[in-house]
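Work through the exercises below with the sequence and the 3D structure open. Try each task before reading its solution.

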Amino acid sequence: MAIMITGSSHALRADEAGSSIPYNSVNRTMEVLQSQKVDGVDCVPFYIKSQLKGVPVSAKKANFRIRTWDGESEPLKLTLLSEIPEEKRTEIEKKLAGDGYTHVLWIPKGVKRFLDGNLVHDMPKGSITMTQGVGISGSIGPGAGKKQE
């Protein structure tokens, strides 16, 4: 059984952290979250929306990336939520789309070279909100962890 969650934890609020969020903080929250392979890398989807009325999130202007501790930058994949066909969207994606979230930001999970780095973007402080909305890996409750036959 998978459980769907959505939330913005203090460490993940881009609107509070300005244009930089420590990768270690985000990575810790992703440990129990289901990941998906994106371009061959395990990633967790984070959902993005603009906080600026009438100013949509622009992938080019936002320039989402991870800046490693040694100054290297790795671009992050950002896709439009509207590009996911309605019939393939999860219930949480449908809800988030209705709440104004417009993009999916794919953040690599558990990548050692990103430890002690930062997720950064070029939008003004307070202009972007990001939230998780994914299933938790594994099982919980009675019988959790038992082999199903």
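**Exercise 1: a salt bridge within a helix**

K94 counts as partly exposed because its relative accessibility is 30% (buried means under 20% relative accessible area, exposed over 50%, partly exposed in between, with a 1.4 Å probe and protein chains only). This is a predicted model, in which local features need pLDDT of at least 70 and side-chain atom pairs count only at pLDDT 80 or more, while totals for chains, interfaces and linings use all residues. Residues are numbered from 1 along each chain as its sequence is written, and side-chain values use heavy atoms, with hydrogens and water left out.

Task: Find the salt-bridge partner of K94 and state where the two residues lie.

Solution. 
- Step 1. The partner is E91, with the closest N and O atoms 3.5 Å apart. A salt bridge here is a side-chain nitrogen of Lys or Arg within 4 Å of a carboxyl oxygen of Asp or Glu.
- Step 2. Both residues belong to helix α4 (residues 91-98), three residues apart, about one turn of the helix. Helices (H or I, at least four residues) and strands (E, at least two) are DSSP runs, numbered from the N terminus.
- Step 3. E91 is exposed, because its relative accessible area is 62%.

**Exercise 2: two further salt bridges**

Solution. 
- Step 4. The structure holds six salt bridges.

**Exercise 3: the nonpolar core**

Task: Which residues touch the most other members of the largest nonpolar core?

Solution. 
- Step 1. A nonpolar core is a set of buried Ala, Val, Leu, Ile, Met, Phe, Trp, Tyr and Cys residues joined through side-chain atoms within 4.5 Å.
- Step 2. The largest such core has 22 residues, and F64, L105 and I107 touch the most other members.
- Step 3. At least two residues of this core come from each of α2, β3 (41-50), β7 (103-108) and β9 (128-132).
- Step 4. Apart from this core lies another, of ten residues, among them Y47, I84, L96 and V104.
- Step 5. In soluble globular proteins, nonpolar side chains tend to be buried together.
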